[in-house]
Amino acid sequence: MRLGKESNNGRRSRSDARGVHVNFVTRAEIDAKGAFVVDIRGESTSRRIEPVGSSVAAAQLTLALQKKLTINGGTWTSSETFANHVYYCSIFLQKLEEQHDIHDLSSPRLTTEMVWEAVLAVSQQGGPQRNLRSFLADSFPLIRCDGDTFEEVLNAGRLRTDVYKRVGYEPSVADAIEAFVKPFVAAWYTRHRAAVAAALGEQRKDWLSVPAEILIRAENYSRSSFFVTIDDLVPAMILLSLVDNKGPNLSVMRSYTSDSVERSNSGAGFATGVKARNKELLRTPAPARGLFSYLGLLEFLTAATRVDRHLRRHSDDFDRLLFVRSRGEKTIDSGSVNSWWKRTLLRADKPDQLLPPSISFQKTRKAALLRARREGQDVIGHSTAMKRVYSADAVPDVITVPLLLQTQAAVAEQWRGRIAGLAEGKRAEPLTAAEEAAADTIGSAEAIMDVGVAACITNGQAPDDQDLPCGLGPVGCFTCPKGFRTPEVIPGLIGAVQFTENIRKYDPAEWLDGEAAKLNVLAQKSLDQFPQHLVESALPIAIDTGRLLVACAYSETRSNA
């Protein structure tokens with residue numbers, strides 16, 4: 001079993017894992033034209049990413065982008081994340097040049113308003129805007145003397161929240177897809193079995209585990225008999241996405257290697273892959289009941305690609321990947337899958353009318369969840385929150401935390417009662433003008449939600465669009481005019497401090513790259529404005545609840561960033 005060597009610090013690196021993060025950047029250089037040349041684990045040749053531009057501003061952002069990669073001390077691992085930001089930056093600079101003739105980000109003519117307008121112009125969707133905003137907020141302090149001001153304005157800006165729908169295949173459609181691809185997989189199985197028998201001159205019982213070296217040295221070995229084609233791999237990948245209702249996403253399937261399967265007994269075992277976006281190593285229990293079971297199919301893929309993988313001779317990572325065609329330079333992607341699917345449907349004789357015109361692995365994932373729910377199974381890599389999203393077919397109106405939402409109905413009346421008490425003079429000191437205005441606003445609010453660090457008078461909805469859930473996150477609450485910090489949110493503020501202190505201790509990369517440090521400072525400064533005896537009297541159970549709410553809000557909005 002070839003799992004690689006341990007690194008110098010004694011810990012295994014991601015390349016030594018049973019699964020391979022196929023988009024992981026291992027090298028990135030800038031060529032003479034300002035383009036990035038990157039090496040990634042899932043490709044055998046270097047990839048060229050077009051330059052951000054040719055201006056001084058482009059050179060400034062090019063250096064900032066390069067520093068964000070983990071190989072240069074940053075936190076980005078994925079070539080897709082990197083390439084997307086290069087594209088966002090090129091559009092951003094285009095807008096600045098066209099609208100304001102700005103070619104240098106250190107120019108005294110550049111204003112925060114110009115930057116914000118250009119961020120909004122990059123895309124109509126909130127996700128790309130949020131990603132670019134976070135990158136620029138980190139980069140401006142390195143480019144300008146007044147970069148901290150640009151950072152504060154960017155982080156305080158409100159961006160739209162995208163509502164994504166997870167509309168999956170109906171179980172009947174999933175069944176039809178599975179039935180359609182099984183004959184292709186069975187044909188490959190039969191063909192490979194015959195190729196092994198022909199090479200060895202006999203049909204051996206252990207034909208699935210015969211080493212590649214023995215097959216290649218066999219007297220009747222034929223290279224073409226062991227070729228692996230798109231026509232072999234695509235139906236196997238589609239079947240894997242549905243079989244046994246495990247529902248892996250595309251990145252997990254692309255990460256599978258010859259070392260991914262571990263047998264625990266004759267009928268079951270574990271499959272290890274990488275969920276690239278979250279950088280998780282997923283070790284999933286699965287059945288092994290022949291070719292049309294999850295582990296059985298992976299074991300066949302390992303056997304059928306053995307000769308081809310032996311002949312790759314590129315790197316330990318690339319040479320172990322399963323979903324690479326013969327002489328291919330990378331793992332197959334969704335484009336390859338749909339090209340095969342459409343071509344095959346056209347050639348099919350009376351295909352099932354339930355078959356969709358294209359294949360979406362998000363939809364097969366949802367279909368697997370719907371079918372698995374009846375048997376109490378989980379989909380690979382699904383957190384409880386994400387499972388709820390897929391089941392609901394839409395992002396929830398608010399961040400769902402068990403038992404917390406049940407208490408929200410009473411929150412508005414509680415706050416109104418407190419505010420009414422203040423208005424009736426039940427306070428030792430008179431209210432300031434600002435406090436009176438806040439009391440009037442809270443008292444007249446139709447609905448109020450405790451979001452941990454504030455009392456939100458839009459009931460958790462976006463401040464500028466009541467039809468969308470708010471995507472600002474806990475940090476945004478401190479700059480949003482719809483959020484109020486009253487004594488009732490003291491436990492949540494303490495919880496926010498505790499939560500971010502834990503990030504600082506246990507996840508230094510997130511502390512440096514995320515918004516935890518800002519949230520920590522804002523929450524602590526807010527607590528400092530309250531009388532000390534109120535802070536000290538906060539109940540531990542209320543602090544625990546507040547910390548849970550802040551942690552959930554932080555992780556949900558951070559995952560969209």
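Helices and strands are DSSP runs, numbered from the N terminus. The views below are taken from a predicted model.

**View 1. The hairpin of β4 and β5.** Two residues connect strand β4 to strand β5 in a hairpin. Strand β4 covers residues 261-265 and runs antiparallel to β5, with four bridges between them. Asn265 lies opposite Ala268 of β5. Strand β5 (residues 268-275) is mostly covered, with six of its eight residues buried.

**View 2. The open sheet of three strands.** The strand order is β1-β2-β3, and the pairing is antiparallel. Strands β1 (25-30) and β3 (47-49) are the edge strands, each pairing on one side only. From one strand to the next, the twist averages 25°.

**View 3. The pairing of β2 with β3.** Three bridges link strand β2 (residues 36-40) to β3 in the antiparallel sense. Phe36 is placed opposite Ile49 of β3. In general, the strands of a sheet pair through backbone hydrogen bonds.

**View 4. Helix α1 on the sheet.** Helix α1, made up of residues 56-67, packs on the sheet and touches β1 and β2. The direction of α1 makes about 160° with that of β1.

**View 5. Helix α2 on the sheet.** Helix α2 (residues 79-100) also packs on the sheet, where it touches β1, β2 and β3. Its direction makes about 25° with that of β3.

Conventions. Residues are numbered from 1 along each chain as its sequence is written. This is a predicted model: local features need pLDDT of at least 70, side-chain atom pairs count only at pLDDT 80 or more; totals for chains, interfaces and linings use all residues. Side-chain values use heavy atoms; hydrogens and water are left out. Two strands pair if DSSP finds at least two bridges between them. Axes are lines fitted to C-alpha atoms, for helices over the stretch in contact, and angles run from 0 to 180 degrees between N-to-C directions. Contact means heavy atoms within 4.5 Å. Buried means under 20% relative accessible area, exposed over 50%, partly exposed in between (1.4 Å probe, protein chains only).
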